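Dear colleague,

I am passing on the structure we spoke about, with notes on what I found in it. Please keep it open beside this message while you read.

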Amino acid sequence: MAAATVEIGKVAVSVRLSFDGDLYACRRPPGVVERVEAEALDLLSKGLFVSGIDTQLATVTGTAGHRFVQETAVFQPTDRWVYRGTCGVGASRNGLTLTGMLGYRLEVQAGWARRAGECGPPATAAEWCEFFGAQLASIGGVVLRRASVLSPGTPP
C-alpha cells in the first residue's frame, strides 16, 4: 500500500505498510468504478506517517484521520520488526467517503548499507536494536508514499 526507504549513516531502512480487509466506499455523484478504486487508494494513503520505529510501539498516523491501534510487535530474524493492528477508517474527500475497519501490517526492515562493509546480520531482537536502534531513533519519523498497484486497466 505505502512504503519508504532511507539510508542514515551505515544503516538502510525500509518501511512498508499494508492493509487487509474490506472498506465501504460511497461516491457522490456515482462515478466509474475504476476511478473510485484509484481515488480510494489515494485517500487511504494520504499523509501516512510512521514514528517510533526504534521502539516496540511504532506509531502510524494519516491526515485522512485513520485510527491505528497496534496489537503486536514481532521480531523476524534477521532484519525486521513486524507490527500488526487495526485501522478504523472514516474519511471523505471530493465526494468519496470510505468507512470500515482494516487490519494493518507495518514492516520495518533494517540492514547494513553498502558503505558499512562486511558486517554480519543481527541474530536476535536485542542485537537488532543494539546495531540499528540509534540510527532508527535519529530518523524521528518517515512519510510513506503510495506504492500499491491498481488492477489491470485502472487509470492511475
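In what follows, a contact means that heavy atoms lie within 4.5 Å. The model is predicted, and for that reason local features need pLDDT of at least 70 and side-chain atom pairs count only at pLDDT 80 or more, while totals for chains, interfaces and linings use all residues. Residues are numbered from 1 along each chain as its sequence is written, and side-chain values use heavy atoms, with hydrogens and water left out.

On confidence, pLDDT is the predictor's own confidence in each residue, on a scale from 0 to 100. The chain averages 85, and 90% of the residues score at least 70. Over residues 151-156, however, the pLDDT is below 50, although this stretch has 10 contacts in the model beyond near neighbours in sequence. Where pLDDT is low, the predicted coordinates should not be read in detail.

Turning to the strands, helices (H or I, at least four residues) and strands (E, at least two) are DSSP runs numbered from the N terminus, and two strands pair if DSSP finds at least two bridges between them. An open sheet of 3 strands runs in the order β5-β4-β9, with antiparallel pairing. Because β5 (59-61) and β9 (141-143) stand at the edges with a single partner strand each, one side of each is left without a neighbour in the sheet. Strand β4 (residues 49-51) pairs with β5 over 3 bridges in the antiparallel sense, and phenylalanine 49 has threonine 61 in β5 as its bridge partner.

Glycine 141 is found in strand β9, and, leaving aside neighbours within four places in sequence, glycine 141 is in contact with Phe49, Val50 and Ser51. Glycine 141 and serine 51 are 90 residues apart in sequence, yet their C-alpha atoms are 4.1 Å apart in space. For accessibility, buried means under 20% relative accessible area, exposed over 50%, and partly exposed in between (1.4 Å probe, protein chains only); at 24% relative accessibility, glycine 141 counts as partly exposed.

Next comes the interior. A nonpolar core is here a set of buried Ala, Val, Leu, Ile, Met, Phe, Trp, Tyr and Cys residues joined through side-chain atoms within 4.5 Å. Of the 39 residues in the largest nonpolar core, Leu17, Phe19, Leu106 and Leu144 touch the most other members. At least two residues of this core come from each of β1 (2-8), β2 (11-20), α1 (33-45), β6 (67-76), β7 (80-93), β8 (96-112) and α2 (125-139), and the largest share, 7 residues, comes from β8. Not counting residues up to four places away in sequence, leucine 106 touches several residues, including Leu17, Val50, Val60 and Trp81.

Phenylalanine 68 lies in strand β6 and, at 16% relative accessibility, counts as buried. Among the contacts of phenylalanine 68, leaving aside neighbours within four places in sequence, are Leu17, Phe19, Cys87 and Tyr104; cysteine 87 is 19 residues from phenylalanine 68 in sequence and 4.4 Å away in space, C-alpha to C-alpha.

Finally, two points concern the backbone. Most residues other than glycine have a negative phi, and most peptide bonds are trans. A cis peptide bond, with omega about 10°, joins proline 77 and threonine 78, and threonine 78 is found in the loop between β6 and β7. Asparagine 94, in the loop between β7 and β8, has a positive phi of about 50° although it is not a glycine, and with a relative accessible area of 66% asparagine 94 is exposed.

With kind regards
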